Amino acid sequence: MFKQSRRKIVAAIMSVLILLWAGMLTIIYASSYFEMSAQNQRMLKTHAELYMLSKYENKIPPKRPAQENGGNPNFAQLPRFQLSTFYSVALTYDGSILEIRNDQPLLHSNQALEELARDVVKNGKPNGTKKDLIFYVADKGGYQLVTFMDNTILNESAATLLRYTLLFGCIAIVIFFFLAVFLARKIVQPLEESYQKQKQFISDAGHELKTPISVVNANAELLSREIGENIWLANIQWENNRMGLLVEQLLDLARTETITPQMEQIDFSRLVCGEALPFESIAFEKGFVLRCHITEGISLTGNSTQLKQLVSILLDNALEHSTGQEDISVALEKEHQWAKLSVINAGKEIPLPQREQLFDRFYRMDSARSGEDKHYGLGLAIAKSIATTHKGRIHVLCYDGLVEFQVLLPLQ
């Protein structure tokens, strides 16, 4: 129970941390990438504004790109702009090449730039990305200019940022995982200690109560021999017997939760058959028929005493709460790597919120009943504890007017 609580706490902490980390990574990476892309586009526009065909370059002064770059007339003087590599292809409106400027012919040939420029003009997009180049198309009044800028540095910078962010982020996640495990243990430890003290108290109180109950019972029996039948004495004996049964169930629950039972290889099919046999006569007396559908040869590792108690609790519960005259059935079969034990009886559908509460201590669906039927709401709690001790699980299903208690126990 507490292991599961610790796992849930660790999962909650790690989920929050991973979501925060992923969100921050996405924001940082996206904002950095888009900011750098925007700056590159601004530089391409500036380059396009400053561009003049070679035969006119020394005759007409270039327009200053103040309007295009937020009113900064010195944008073209920035070191980043001057150190960037640009490629330009000037074309007439009918697609003829006027001029190609290629400062790095070893990286991109003139033919490759010409093909890229024609493709860009054909697609009609004013800007975008082609391979490792970003492009911008400008109308220069008489011809079209397709200018390119090498995007390799941007891509490598983004990849490096992402790589190191992931690396150090994963290291941080691992560190936070161990920190979350430590914190989960610290959070659950007081609850676990309190629960252990509670179980110890139940065990100690049960042992302490056994002696006075036995004394009261012995004295009441001796007194009944002396004075004969007496209504008040009969009430004392009745309530004392009830108290004895309650204490015995409390001790059974304490034993299943605190003591690690001795495990051995058990023929579970034979054990279920043997435990169901005495209940056939009890069912017959109550007007029911107990039908068994048990697959032979199912063996598992467990404690025979506790498993017998588990089967008897489920059968007793089925007989106690069965309605109508439908048969009560016990089934045992293999299901993958599990031994599935099912006890089915006719009964009212149990609301979903109450199905898990059935396995809580002292929980009774009928609150008006206070133990006069020798049931105190501990049987199913003991059954769940036994199933948990054997690394199994127990749950209840309701369908077609039937109630099924199903236990899954590992075969290995």
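The protein chain has 9 helices and 12 strands. The model is predicted.

Biologist: How much accessible surface does the chain have, and what part belongs to carbon and sulfur atoms?

Modeller: The accessible surface is about 24800 Å². Carbon and sulfur atoms hold 57% of that surface.

Biologist: How do you know that strand 3 and strand 4 pair?

Modeller: Pairing needs at least two bridges. Strand 3 (residues 127–130) and strand 4 (residues 133–139) have 4 bridges, so they count as paired. The sense is antiparallel. Asn127 stands opposite Tyr136 in strand 4. The hairpin has 2 residues between the strands, and Lys131 takes a positive phi near 55°.

Biologist: What makes strand 7 and strand 11 edge strands?

Modeller: Take the sheet's order: 7-9-10-12-11. This is an open sheet of 5 strands with mixed pairing. Strand 7 (290–294) and strand 11 (393–399) each pair on one side only. The twist averages 15° from one strand to the next.

Biologist: How do you know that strand 11 has a partner in strand 12?

Modeller: Apply the rule of at least two bridges again. Strand 11 and strand 12 (residues 402–410) share 7 bridges, so they pair. Their sense is antiparallel. His395 stands opposite Gln406 in strand 12.

Biologist: Which helices lie across strands of this sheet?

Modeller: Helix 6 (residues 268–285) lies across strand 7, strand 9 (328–335), strand 10 (338–346) and strand 12. Helix 6 runs at about 170° to strand 7. Helix 9 lies across strand 11 and strand 12, at about 125° to strand 11.

Biologist: How do you describe the packing of helix 7 and helix 9?

Modeller: Two packed helices are described by the angle and the distance between their axes. The axes of helix 7 (residues 304–321) and helix 9 (residues 379–389) come within 9 Å and cross at roughly 145°. The crossing is left-handed.

Biologist: Which residues of helix 7 and helix 9 meet?

Modeller: In helix 7, they include Leu310, Ile313 and Leu314. In helix 9, they include Gly379, Ile382 and Ile386. The contact residues divide into 7 nonpolar, 5 polar and no charged.

How values were computed. Residues numbered from 1 in each chain as written. Predicted model: local features only at pLDDT ≥ 70, side-chain atom pairs only at ≥ 80, totals over all residues. Heavy atoms only, no water. Axes fitted to C-alpha atoms, helices over the stretch in contact; angles between N-to-C directions. Left-handed = near helix turned anticlockwise from the far one by under 90°. Contact = heavy atoms within 4.5 Å. Nonpolar A, V, L, I, M, F, W, Y, C, P; charged D, E, K, R; others polar. Areas by Shrake-Rupley, 256 points an atom, 1.4 Å probe, with all protein chains shown as cover.
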